[in-house]
Amino acid sequence: MVTLLTILFAYQKYTSRGKAPFPDVKFISDSMSSNLSDFDPNTLDKEQWQKLGFSEKQTATILKYKDILGGKFTSKEQLKKCYAISEKKFSELESFILLPEMAGGNTSKDFNKIDKKELTVGGKFNPDQFSANDWLKMGFSERQTEAILKYKNYLGGSFISKEKFKECFIISPENYSRLQSYLLLPEKTPENFKNFAKNKTIKTQIQYHTFDPNQMDIEGWKTLGFSEKQSTTIVNYRDRNLRGSFKSTEDLQKCFVISPEKFQEMKPYISLQEKQQEKTDFSKTDLNLITFRQLIEFGLDEKSAGSIIGFRKKLGGFMNKQQILSTYNIDQDLVQKLITTTPLNTSGVPRYSLVEAPEDWLKNHPYFKYSADKIIFYRISNPDDKKIWKFLKLKPEYEERMRLYVK
């Protein structure tokens, strides 16, 4: 016991001793000033920017910023505006940059002017449809307007989303926050935005004419300058949300893909028919052309009508009436009555041989998509439909419905 107490007493005395003070730590500065020499930022490539201490992402941002400015920095002040370069980093590099402090003339003042001038926003707008004059009216300078339009062209002719619009260096965070709620753009950038520009309709001079928006199909809206996607949205908005018709010009104005400016352009030419639309003669209405509105008129609910239209679109058209009965989420009794009453014309339905069928068509068609890869593989070495059918070894019912679309 005495031995144990002695050990405990010694331990307590040892641990209660004053601890020696921890030496001060001095961190070595990560400044690269001692290794820097004079440089022209217009001649630096990606690797050289990274050697100055910038990350790969920051470097990409700096180079993109230079492209938007026309491929050249004209002053230190202009370079400083690049958001990828912090104030601390710029002050470290400033004395080595081979650029004038400010660009000649009033260029730098011109770029700063928007920070001091209040923007004038008349309402919601689609920046893709803004001309140089529109940006000038909003309060941007000529130089800023030029840079904004260059940035749009850099993206492929469209700002794509609010995310991409926000990345435009000429638009400060303060001004973006003012504009954000007015922008008629998706919030997020689509994953396939790199290909987005390929599908973009080239803007041409629109020749307006008097039109009834209740009689316009997708192709009709495209002639007024709308893209395929916008035209589809307008038709769906009318047929689904408004149950088949715009009751007033205000209904049309509320469609979010129609900017206030575009609506004002079209307004003098809009002619809504006040009289009630004539009832559809279903004995003369082709099932491959029947519209969502007409299906509602026949008595189907929106769910059934939408399912039929959607399935028909995936197939490219019905080849027989029994296909309509196999559609999901439909009122079978009412659809049976519909197909008994209404004719079906299959002359406009796309049909291909297995050898000639486009790959996209094979991979997206409901009847072919599960065999698409095999068909594409077999037809490389055996470009003969009969042989390909043998190789596929399909169940009779699957082959039967596929053959409806094979010529």
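Mentor: Helices (H or I, at least four residues) and strands (E, at least two) are DSSP runs, numbered from the N terminus. In this predicted model, the protein has 22 helices and 0 strands. Local features need pLDDT of at least 70, side-chain atom pairs count only at pLDDT 80 or more, and totals for chains, interfaces and linings use all residues. Residues are numbered from 1 along each chain as its sequence is written, and side-chain values use heavy atoms, with hydrogens and water left out.

Take helix 18, residues 332-341. Buried means under 20% relative accessible area, exposed over 50%, and partly exposed in between (1.4 Å probe, protein chains only). The buried residues of helix 18 are Leu334, Val335, Leu338 and Ile339. They lie on the same side of the helix because they cover an arc of only 135° around its axis, the arc being that of the directions from the helix axis to the C-beta atoms. An α-helix has 3.6 residues a turn, so residues three or four places apart point the same way. Asp333, Lys337 and Thr340 are exposed, on the face of helix 18 turned away from its buried side.

What do the buried residues of helix 18 pack against? They pack against helix 15 (292-298), helix 16 (302-315) and helix 17 (322-325), where contact means heavy atoms within 4.5 Å.

Of the contacts with a separation of 6 or more, 59% are between residues 24 or more positions apart.
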